[in-house]
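Keep the picture open while you read, and look up each part as it comes along.

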Amino acid sequence: MSDITRSELDRRTLLRRAAAVGLAATPAVGMLSACVGGGEEETKEQATGTKSAENPLGIDPKAPLEIVIFDGGLGTKYATDVDTPLYTKKWPESKVTYSATQQIATTIKPRLNSGDSPDMINNSGSDLMDFGAIVKAGQAADLTDLFAAPSFDIAGKTVADTLVPGAIEQGTYDTDGGRKPFAVNYAFTVFGLYYNKKLFDKNSWTVPTTWADFVALCDKIKAAGITPFGYAGANASYYMVRAILTSAAKIGTEQVLKDLDNLKPGAWQAPAIKQAAEAWGQIGTKYINKSFLGLKHTEVQLQQNQDKVAFYPCGSWLENEQAASITPNFEYAVMPYPSVTASDQLPATAINAAAGEIYFASSKGKNPQGGKEYLRVMLSKEAALEFTKLTKSLTVVAGAADGLTISPGLTSGNDMLSKAGKDVFMGYLFDTWYKKLDEASREAANTLMFNGGDAQKFCDTMEKASQDTAKDSAIAKFTRA
């Protein structure tokens, strides 16, 4: 466990990632996208208190606090059983109101726009909000004071001092008021192809590193009466988008993905994108169960737990999400996406891993400082350790899980991460910057995988969606270096 937060990844890759997320907003003519408005013109009275050594953020100790958590792969116990009790122990006169939902945008957008926002929000899932638009609309609170505040439970250090390098930068945006942090990207996620190690050991199947070996193994798996590869088209097609684009980055380096984020003309027509789409399209044509198009993620994941599906593209939250379905005959393991070509510019061991799960304090809430204090609690060593125990996922709190005995899936992810060394890349950001482009990519991935495997159609569809976004003056634009 400690290897993950103290390895070369932390000191090189996260710094490289931080530089990659040097966000620069470009002017957009007109109003922001209709998905997020500016809220009420008048600022409602908000709870505040007196700053002190015990109260560095100056919260009102008696003010109520409302939080909303995404109910997904990480569950919600970390909020109900750890973070909220820690908060109320510190501030016993404050009543914390909690709710969970899988429909974040549907639930929260109307409240943001009406000026009746919760104080702290976990923006995640397939229905996540366009966070770039939230920032540009002034609906996310500046977290500068949070990161400068003393750590909740590590003496002599600020919150910023306790985090892995790059953690703050990943939630930092350039705005009209200057470059500021607006989000805590809390969970550290490793992405790859997940499989049942016990099934593979039983059948003497070797984890493939080349595409030829991957296809050959899929043939063996299919012959054994098992669906070689699958994902849920109904609500988890973004898992497939990440698989395609991870392969593209391994073919042509992460610059391929930066060009996508920057809406560069022709970026989706790049050879690396087309090669990746062709390779995965063939997998969809030959090895996927077409009924998966109409299934949800947990339905396909359950089939994997029953050894009806061999490979599943996902992130390291998967093991926790399926905890109730794991039998003694199932042991999660993860492998990097295989090299598509013999000339891939990144090695077979290269992987996509990054901090994710956006948490932010609403500037329009009744108690934004309380929302920041709740985040300070989450970024304590105690809360981070308990989060990892409950979710089998790491956090951005450096060393919080040192000495912890971890689960098979997370152990496998740790090993994969160590073997990747410096060849770990953050991935892409357009999915959180541009909601319509993200939606287009999900639909295009489903079409590629379930309806014929036409790579050129995938590229053409996404190129048009990208340039439509670039030309839309109502959409706030961001760039990365």
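Start with how the chain folds back on itself: among contacts with a separation of 6 or more, 79% are between residues 24 or more positions apart. Keep in mind that this is a predicted model, so every picture here comes with a confidence score, pLDDT, that runs from 0 to 100.

The chain's mean pLDDT is 89, and 91% of the residues score 70 or more. Over residues 1–35 the pLDDT stays under 50, and the model has 102 contacts beyond four places in sequence for them. Residues 37–41 also stay under 50, with 13 such contacts.

**The overall build**

What does the chain consist of? DSSP runs give 19 helices and 14 strands. Along the principal axes, the C-alpha atoms fill a box of roughly 70 × 50 × 40 Å. A compact globule of 481 residues would have a radius of gyration near 23 Å, and the chain has 22 Å, so the two agree. Of the 481 residues, 58% are buried. The accessible surface is about 18,400 Å², and carbon and sulfur atoms account for 52% of that.

Now find strand 11, which covers residues 351–361. Is strand 11 largely enclosed or largely open? Of its 11 residues, 10 are buried, so strand 11 is largely enclosed by the rest of the structure.

Several strands pair with strand 11. Strand 4 (residues 120–123) runs antiparallel to strand 11, with four bridges between them. In that pairing, I121 sits opposite F360. Strand 7 (residues 184–196) is antiparallel to strand 11 as well, and six bridges join the two. Here F188 has A355 as its bridge partner. Strand 13 (residues 424–425) runs parallel to strand 11 and is joined to it by two bridges. The residue opposite V424 of strand 13 is I351.

Elsewhere in the chain, strand 5 (residues 172–175) and strand 6 (residues 178–181) are antiparallel and share four bridges. Strand 5 and strand 6 make a hairpin, with two residues between them. Y173 is bridged to K180 in strand 6.

Here are the pairings side by side:

| Strands | Direction | Bridges |
|---|---|---|
| Strand 4 and strand 11 | antiparallel | four bridges |
| Strand 7 and strand 11 | antiparallel | six bridges |
| Strand 11 and strand 13 | parallel | two bridges |
| Strand 5 and strand 6 | antiparallel | four bridges |

**A closer look at strand 7**

T189 belongs to strand 7. With a relative accessible area of 8%, T189 is buried, because buried means under 20%. Which residues does T189 touch beyond its neighbours within four places in sequence? It is in contact with G315, S316, W317, N352, A353 and A354.

The buried ones include P368, K372, E373, Y374 and R376.

Helix 18 (residues 435–450) is where you'll find A445. A445 is buried too, at a relative accessible area of 0%. Setting aside residues up to four places away in sequence, A445 touches Y231, S237, M240, V241, I244 and F458. Pick out V241 from that list: A445 and V241 are 204 residues apart in sequence, yet their C-alpha atoms are 5.9 Å apart in space.

**What about the cysteines?**

How many disulfides does a search of the whole structure find? The search finds zero. Take C218: the closest cysteine sulfur is that of C314, and it lies 17 Å away, so it is too far for a bond. To count as a disulfide, two cysteine sulfur atoms must be within 2.5 Å. C218 is buried, with a relative accessible area of 0%, and C314 counts as buried at 3% relative accessibility.

Conventions: Residues are numbered from 1 along each chain as its sequence is written. This is a predicted model: local features need pLDDT of at least 70, side-chain atom pairs count only at pLDDT 80 or more; totals for chains, interfaces and linings use all residues. Side-chain values use heavy atoms; hydrogens and water are left out. pLDDT is the predictor's confidence in each residue, from 0 to 100. Contact means heavy atoms within 4.5 Å. Buried means under 20% relative accessible area, exposed over 50%, partly exposed in between (1.4 Å probe, protein chains only). Two strands pair if DSSP finds at least two bridges between them. The radius of gyration is taken over C-alpha atoms; the globule rule is 2.2 Å times the number of residues to the power 0.38. Accessible areas come from the Shrake-Rupley method with a 1.4 Å probe; for residues, only the protein chains shown count as cover.
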